Amino acid sequence: MSLTTNRFRIPPPSLILHYWVSATIVLGMAFPLVWMIYSSMKTKKEIFRTPFSFPGELRFEHFYNAWVKGNMGTLYFNSLFITGTSVAIVVLLACLAAFAFARLQFPGRDYIFYVFIIGLLLPQQVVVLPLFVQLREMDLLDTPWALIFPYSSWALALTIYLLRAFFMTLPKEVEEAAFIDGASLFRTFWSISLPMVKPALITMCILNAINLWNELLLSLLFILDDSKRTLPSGLLKFYGYHNVNYSLVFSALSISTVPILILFFLTQKHIIKGLAAARID
Amino acid sequence: MQALLFVLPALIMFGIFVLAPLFSSLYYSFTHWDGLSSPEWVGWHNYKRAFNDDIHLSSYVHVSIYILGTLVVEVFFGLVMAVLLNSDRIGFKLMRTLFFTPVILSMVSAGLLWKFALDYNYGLLNAILKSIGLGSFVQPWLSLPETALLCVTIISGWKYAGFFMIIFFTAIRRIPNSIYEAAIIDGCGPLSSFMHITIPMLRENIVICILIAVTGGFAGFDLFYTMTNGGPYNSTEIPTTWIIKMAFDRNQMGYSIALTVIMTLVVGAVSIIYLNVTKRKDVIDY
């Protein structure tokens, strides 16, 4: 190693190789997304003749058509409403339960906790069919609640599990002091414990929001009315109706992914932390 | 008793929408039922039928191949990329973010995108093959029984390798640098420090990641449904796609619920066996 710091010295071959290999793989993996976006601006003819090349001119009318024909505004609204409501329910109920499992003594506590753990290990497909019948009897099919209730119930297991672990890492002393000073149990929970777990709550919101936003199976089976669908199942139906109109489907794909990608790049730190948190421990 | 009030709302939701269908599926699996009329008790009939249903049996072969494939293209590739992208030099943070990007897409978007990319006439892959003079390799990738399952597996890798990369990357950052420095002094090359330091130090993470890939593989539905829906000629049929077909295309609710019960038992058994086998019983030598 020389002591002179020459900014313009030639980097060692191993470093060039490291950059070259990494960049090739990463760009190769990211390219299909770029291809999707610029292909939405090509005409059907252009796509057919040269799948690879850039569009001759930038046309944005496909985006408009896809947005209107695909009812994308409605799909976005449905997805937002269903995901938002489910996440709110999960995080609220899971937080209450996780607090009790971590901090309070009551008969059967550990057994009840194990019951929730079952939900962690089961694949969701296991209950989809009986759930379908059950929702039909409850007259909930084809309403947003046919997704909101099952989504939030399924997400409870993982959320309670992770939040409980987080509560366990916090010191008990503050809560005990508040309790001794005469705060009610609920008051202690609301004003003392809840603010302390705020970072974990945000992580849980993000994690659940991504999972539920992307959920396909239930939304495909429990919602039959096209105008009530969420984005994934709506997009799939749209493809079913227009699968020969390539530029239209490319545009619909772009419309449904690009906003999510932008959101991801803006909040990537939290999202990556949230997704990784679910699997570590 | 106040404590129960904290748990009760969650327990009620969980009971109605997870436990109730779980237990009713046990009952329905012993019935002949089209999903509408009243179910009729048939004993073990559905289970016997399941073990004579060739497509059902082959779906387990397909999902096993798929899972083994994902161990390579998701877990192993993710691990390699975690090592490769583990650098503080300029650009590597951006490359990690880009590599992670497919993870946040929905399976439907990823599946449809690749359905286009693999298309025979206007797909990206065939266009690239033609342009580099490998025109003879051009295939209708998703319409051939020989290549369809392989393609779906690789797309799954494209989608999820970033997820495993981040988990391994976080873990690699926790390995003390001094171990690597000592290894370099002892004359250890990059490959042998990967084999003898990185892999043993990440053992716990690797065990968990394999479990995630295996259980996630059994639960895989979205990608298969979007890309091939079991076709061509049932060559990519996996248990979940077959179950949904049986239930909703053929209205055999009783039988398909029996298939879900079998799948639950298989996933449960595989996880328990796996966790017992990988239980730390050996001492690792560094």
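**Ground rules.** I am working with a predicted model, in which local features need pLDDT of at least 70, side-chain atom pairs count only at pLDDT 80 or more, and totals for chains, interfaces and linings use all residues. Residues are numbered from 1 along each chain as its sequence is written, while chains are lettered from A and ligands numbered from 1 in the order in which they are written.

**Chain B.** I looked up its elements and found 13 helices and 2 strands; these are DSSP runs numbered from the N terminus, with helices being H or I of at least four residues and strands E of at least two. Along the principal axes, the C-alpha atoms of chain B fill a box of roughly 75 × 65 × 35 Å. A contact here is a pair of C-beta atoms, placed from the backbone, within 7 Å.

**Where the chains meet.** I found 67 residues of chain A in contact with 68 residues of chain B. Among the elements giving two or more residues to the chain A side are helix H1 (13–39), helix H7 (145–169) and helix H13 (246–277). H13(A) gives the most, with 12 residues. That side divides into 55 nonpolar, 11 polar and 1 charged; Ala, Val, Leu, Ile, Met, Phe, Trp, Tyr, Cys and Pro count as nonpolar, Asp, Glu, Lys and Arg as charged, and the others, Gly among them, as polar.

**The core.** The largest nonpolar core has 154 residues, and Ala94(A), Ala97(A), Leu156(A) and Met165(B) have the most contacts inside it. Such a core is a set of buried Ala, Val, Leu, Ile, Met, Phe, Trp, Tyr and Cys residues joined through C-beta atoms within 7 Å. Helix H4 (residues 72–103) of chain A gives the most to this core, with 17 residues. I then checked Leu156(A): beyond four places in sequence, its contacts include Ala94(A), Phe116(A), Met13(B) and Phe14(B).

**Leu253(A).** Which helix holds this residue? Leu253(A) lies in H13 of chain A. Leu253(A) counts as buried because it has 26 C-beta neighbours inside 10 Å. Leaving out residues up to four places away in sequence, Leu253(A) touches Met36(A), Ser109(B), Leu112(B) and Leu113(B).

Note on methods. Buried ≥ 20, exposed ≤ 12 C-beta atoms within 10 Å, placed from the backbone. Contact = placed C-beta atoms within 7 Å.
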